[in-house]
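Subject: Structure for you to look at

Hello,

Here is the structure I promised to pass on. Please open it alongside this message, then read my notes below.

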Amino acid sequence: MLNKLTLKQAIDKLGNKEVKLEDIWLDVLNSIKDKNSKFNIYLNINEKYQDQLNKPLKGLPIAVKDNFCTKDLITTASSLLLKDFKPQFESTVTQKLKDAGGEIVGKTNMDAWAHGSSTETSQFGRTLNPRNSEHLPGGSSGGSAAAVAADMCIAALGTETAGSVRQPAAWCGVVGLKPTYGRTSRYGIAAMASSTDSPSPITKTVEDAAILLNHIAGHDPLNATSSTKEVPDFTENLGKSIKDLKIGVIYHDLKGLEDAWALFAPQLDIFTKLGASVEYAQAMDPKHAVGVYTVVQRSEVSSNLARFDDVRYQHGRDTFGDEAKRRIMLGTHTLSKGYADQYYNMSQQVRTMMIKDYEKLFETYDVLVSLTSPGFAKKIGATEGEAMFGELEDMLLEVSSLGGFPGASVPCYHDKKTNLYLGMNIMAPMWREDLVIQVADAFEKNTHWNSWRNND
Amino acid sequence: MTDSNKNYQLICGLEVHAELKTKSKMFCGCKNDPFHAPEPNIYTCPTCLGMPGGLPVPNKKAIEWTIKLGLALNCKINLFSKFDRKHYFYPDLPKGYQISQYDIPFCYDGYMDTSEGRVGITRIHLEEDTGKLLHKTIDGKKVSLVDFNRGGVPLVEVVTEPDIKTATQAAEYGRKLRDIIRYLDIGNCEMQQGGMRLEANISLSENGDLPNYKVEVKNINSFKYMEQAIAYEIKRQTTLLKDGKTPAQETRGWDLNKQSSFSQRTKESAEDYRYFPDPDIPPLQFTKEQVEKWKKELPALPEQVINDWKTKFSIEEKYSKLLINNSQTTALLKSIFTTALENEIEPNNIAKEIINKNIKFNNNLKPQEVITAYQQLHQTDDLDSNVLAQTIEQILAANPDAVTKYKAGKTQVIGFLLGQVAQQLQQKLDMKQVRTKLLKALEN
Amino acid sequence: MKQAVNKQLVKHIAQLANIPISSQEEEELAKDFSKTLEVVDKLQKVDTKGVEMTHQVTGLTNITREDEVNEKNMFTQKEALANASRTHDGFFVVERLIDVE
């Protein structure tokens, strides 16, 4: 069952010639054949690959969210408008992946146009949570998170606008690492909210995420908002002691989180055991983040989707699904004359306030920690009829996304009955993925919640 | 109730779009050469074709050129500026929005002086051009064919205050603006190629106050047509106003066959473009020093050059106007004229010969080459300096009255004396040389 | 400020956004809209006096490119047209619009 290898294990074993690449691919493809029709994780599968043992990622099968333009591989963003779209160019991040020896085993299902937090708005059917098929995988990178959870790939790529990597990672019991905004290039990825979109690794372990991030991060001259900062070796922070680090725990007193918090709170003890200081801290009420995020994201979305029509694409704007229509229309409204001041401009002001709030907290704390999601993965059907499900669900993640701060979700609790997970969200100041990785890795190695590392 | 004695004043503002002749497009590295492209849709990329994930990165040169144009037009420069998205739907606009500038344009508050007064320039901003639509009927169906070669080309927009008072002033402004853009070598402004597009906002005022309506006339592709269009609108609007009616606030096109304007669509209120700062493009920040440096790099503008050349080189204005093309050419010509003076040749004559194409001219010539060419053209017979000196002596001796007159201050008598020398020598002479020698002799 | 989200507004927005919607959709969207705006309107209670807007979090300025042609990134005509629903002699094709010049 070589598909169960982590990225690090696969790289090492291939290096020692303990395993053959073709055997890993065989097991991965077999698991896809077995489970994909049930779980609807992949929209498109690719069985061709090259042996790249001289390259860091050695030709290993990586799952890629279907909003990354992959040359000559159909890219749909889970939308009917793009169902026949074959990009004639490669996104920068997938090119970097390929340059490092990664091979794309398939394009994963998502909320259509990334509009959602459950993968239910996909116009090709929902994805099921591999941990418990009566539940949803989260979204919008639900397919990628599920592919990792089901060992239907060795690692995956997703994108986070506000929660779309960390939340499905939490719901699927895997690791999702959202880097600082600008750390990874957005070129060639169907844009959702341009000012927050962050291509990210979704993986089995924190170490895998650090490895993958090493290869996909970096300045892109084609993306004016990408950072020219040197990309450090993110794996340097693995195994580092967290002694004397200051951890601030936020969102501990929010209504509606009580049940999950009761399970979450004891997990913080490990930090104290490892020598870090843990303090409960007060952040600005995230309920405002919902309003801000809704307006900013929907405004930018309405603008970013304006380019899709049946002049240059095969299908027209009449194929947009309900959620896309809702978001485009609200975004159009919040930017329109007479309303922009009230909505868009004001939201950007509140955004400043929330960012400053986190910055102030980071003056005291090295990292901020909280629950990733208000609860376990929801049951299928539970989100129906909720016009704002996505934004409410991601409330705990929106501020870090709006501010561009890096954060990772790691599994921090497992319910044996349902087989579902809770995730812990670890956030750090801009450009401090090193702290995120350090703390996340310490947690993962010293607890037994990660299903590949310290088996349950 | 009409009042045929009322006089209406033209209140006119112009909006001019000019394509910049950068090598690449405004927000991507595609080739900027739409007019000469051999095929449609060969200069596109994910960014200018509006593909998923296509992202804009601004062209540094286009920004610099826009600011230089602003400085040449006496504008203030916004030290902090940005690009905004302007949303509307049209098949030639691939992203469903145009990247432009909304409230913080690069340049603002400038002016241009014309023979009929000063025209204020409200703003100059930078944006991207749209693709082109071609209308055809295929298989009986009316369609439009879309070519995106032009989509994304840098476009500078110059907007004036409603200061224009006559149709001729409008045409003068337009021509001057075109000349400046060409002179700075930042655009070709070939109107037939769409390199420069004119729009006029026209209304009439009874008492000088800003009227409560505005008619926008679009699709004017020559200065002559613009004059005609404005004249036509003045007539049309006057008739309406005298009848007690207010002309409709609308956009009109110019039909050059019928020599009349026609209504295109009613502009009740401005379209809702839902402007917001483009999140893909970090803002621009300039320093005062940078702007000063750009100001210093500006060449002297055509008008000033014409004056300079008149003063320094005695070159006739009509020649200067024909020669001043762009600042590179001007710099070269200046060296040529200076060198001419050093060789005792009249620069005005060189100018004439260049214009008449008797001397071939291009930007790669060295000044001495031009002088030599001129000298060959005006080869004078070899004149023995002794023979000349002797002849001069003879003439002066034979015309003592003339000499006295000259010494008394009546210098115009030189002409007569020169004529006498020429007559005596009966050959092609370099009159400048002769004159110099004659003057010397007279001083003794 | 509470929004009176009626079908009129929804129709207008759909037009601005170039999204075709049926009259049944108008009704449903109006309801969704109201719900969403209720949440968003809560923002009005926040005191934002003197606060600057954040449009970008990178803090970057002056990111530009040299004026050079990037052949590598350019599409061939074939590539540009590859996903079009209709082409003709190298052009994209669209139905003629009514208010065309």
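Let me start with one residue. B:Leu332 sits in helix H7 of chain B, residues 327–342. Helices here are DSSP runs of H or I with at least four residues, strands are runs of E with at least two, and both are numbered from the N terminus.

This is a predicted model, in which local features need pLDDT of at least 70 and side-chain atom pairs count only at pLDDT 80 or more, while totals for chains, interfaces and linings use all residues. Residues are numbered from 1 along each chain as its sequence is written, and chains are lettered from A and ligands numbered from 1 in the order in which they are written.

(Buried takes 20 or more other C-beta atoms within 10 Å of a residue's own, exposed takes 12 or fewer, and partly exposed is in between; C-beta atoms are placed from the backbone.) Setting aside neighbours within four places in sequence, B:Leu332 is in contact with B:Asn363 and B:Leu365. Contact means that the C-beta atoms, placed from the backbone, lie within 7 Å. B:Leu177 is 155 residues from B:Leu332 in sequence and 23 Å from it in space, C-alpha to C-alpha.

Chain B also has an open sheet. Its 3 strands come in the order S5-S4-S15, with antiparallel pairing. (Strands pair if DSSP finds at least two bridges between them.) S5 (97–100) and S15 (276–277) of chain B are the edge strands; each has a single partner strand, so one side of each lacks a neighbour in the sheet. Strand S4 of chain B, residues 84–87, is joined to S5(B) by 4 bridges. One pairing to find: B:His87 has B:Tyr97 in S5(B) as its bridge partner.

Next, chains B and C. 41 residues of chain B are in contact with 34 residues of chain C. On the chain B side, helix H1 (60–72) and strands S8 (132–138), S9 (141–147) and S16 (284–285) each supply at least two residues. S9(B) gives the most, with 6 residues. That side of chain B has 21 nonpolar, 11 polar and 9 charged residues. (Nonpolar means Ala, Val, Leu, Ile, Met, Phe, Trp, Tyr, Cys and Pro; charged means Asp, Glu, Lys and Arg; the others, Gly among them, are polar.) S9(B) also runs antiparallel to strand S2 of chain C, residues 91–95, joined by 4 bridges. There, B:Val146 stands opposite C:Phe92.

Now chain A. Its secondary structure comes to 14 helices and 11 strands. Buried residues make up 66% of its 456 residues. Its C-alpha atoms fill a box of roughly 65 × 60 × 45 Å along the principal axes. Helix H9 of chain A, residues 287–304, is mostly covered, with 17 of its 18 residues buried.

Last, confidence. The model scores ipTM 0.95 and pTM 0.89. Chain C averages a pLDDT of 87, and 91% of its residues score at least 70. (pLDDT is the predictor's confidence in each residue, from 0 to 100.) Within chain C, the mean is lowest in helix H2 (residues 23–41), at 85, and highest in helix H3 (residues 77–81), at 98.

Best wishes

Technical notes:
Contact = placed C-beta atoms within 7 Å.
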